[in-house]
Amino acid sequence: MAQRLTETAITRALREAAGTGARLQLADAGQPGLKLRLSPGGAGTWTLACRDGTGRQRRFTLGGYPAVGLAAAREAARALHHRVRQEGADPSAARRAERASAEAEAAAPTLARASNPSLADLLVEDAVQVGCIPACDFAAQLDGLLIHGGADEVEGEVADDGHVL
């Protein structure tokens, strides 16, 4: 049952969640759909449960407790409910799009390296293709060579064609 949440009620519920070892969910009568989910470890998460413009039941995360206080959570829930219901906003889709673009940016250096391999990559590939040395051994030795800058760091014999044996 929804009750008008206060800081005192939240503190009491946090102690109860820690004592029982069970998750608790508090519903706020002051803002319909606003809930505080409490874990036994003491973490809390503000969520808003509401229907979107098409009538589908949705749940959105507003932030963690106590970083987001009760008044801020109520205001955020009020604004988000309006955007979802009246304007058709979909914060989950926006977050998915942000995550996808961040992953694409993170993959860009890997793709650039694949399209423009470094000397180290070419040397490892060459050594593995010829079968002179296992790739992991050669790569480790090459890293040592590149980091320390000394050719005497590389172990193994050199064949007539210049490959490390």
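Reader: In this predicted model, is Asp28 buried or exposed?

Author: A residue is called buried when its relative accessible area is under 20%. Asp28 has a relative accessibility of 3%, and therefore counts as buried. Asp28 sits in the loop that joins strand S1 (24-27) to strand S2 (34-38).

Reader: Which backbone atoms does the side chain of Asp28 reach?

Author: A polar contact pairs N or O atoms within 3.5 Å. Here the Asp28 side chain reaches the backbone nitrogen of Gly30 at 3.1 Å, and the backbone nitrogen of Gln31 at 3.5 Å.

Reader: Which residues does Asp28 touch, beyond those up to four places away in sequence?

Author: With that exclusion, Asp28 touches Ala2, Gln3, Arg4, Leu5, Leu34 and Arg74.

Reader: Is Trp46 buried or exposed?

Author: Trp46 counts as buried because its relative accessibility is 0%. Trp46 belongs to strand S3, and its side chain reaches the backbone oxygen of Val68 at 2.7 Å.

Reader: What does Leu62 touch, not counting residues up to four places away in sequence?

Author: Among the residues that Leu62 touches are Trp46, Val68 and Leu34. Ala73, Ala76, Ala77 and Leu80 are also included.

How values were computed: Residues are numbered from 1 along each chain as its sequence is written. This is a predicted model: local features need pLDDT of at least 70, side-chain atom pairs count only at pLDDT 80 or more; totals for chains, interfaces and linings use all residues. Side-chain values use heavy atoms; hydrogens and water are left out. Helices (H or I, at least four residues) and strands (E, at least two) are DSSP runs, numbered from the N terminus. Buried means under 20% relative accessible area, exposed over 50%, partly exposed in between (1.4 Å probe, protein chains only). A polar contact is a pair of N or O atoms within 3.5 Å; within protein, one must be able to donate a hydrogen and the other to accept it, and residues adjacent in sequence count only if both atoms are side-chain atoms. Contact means heavy atoms within 4.5 Å.
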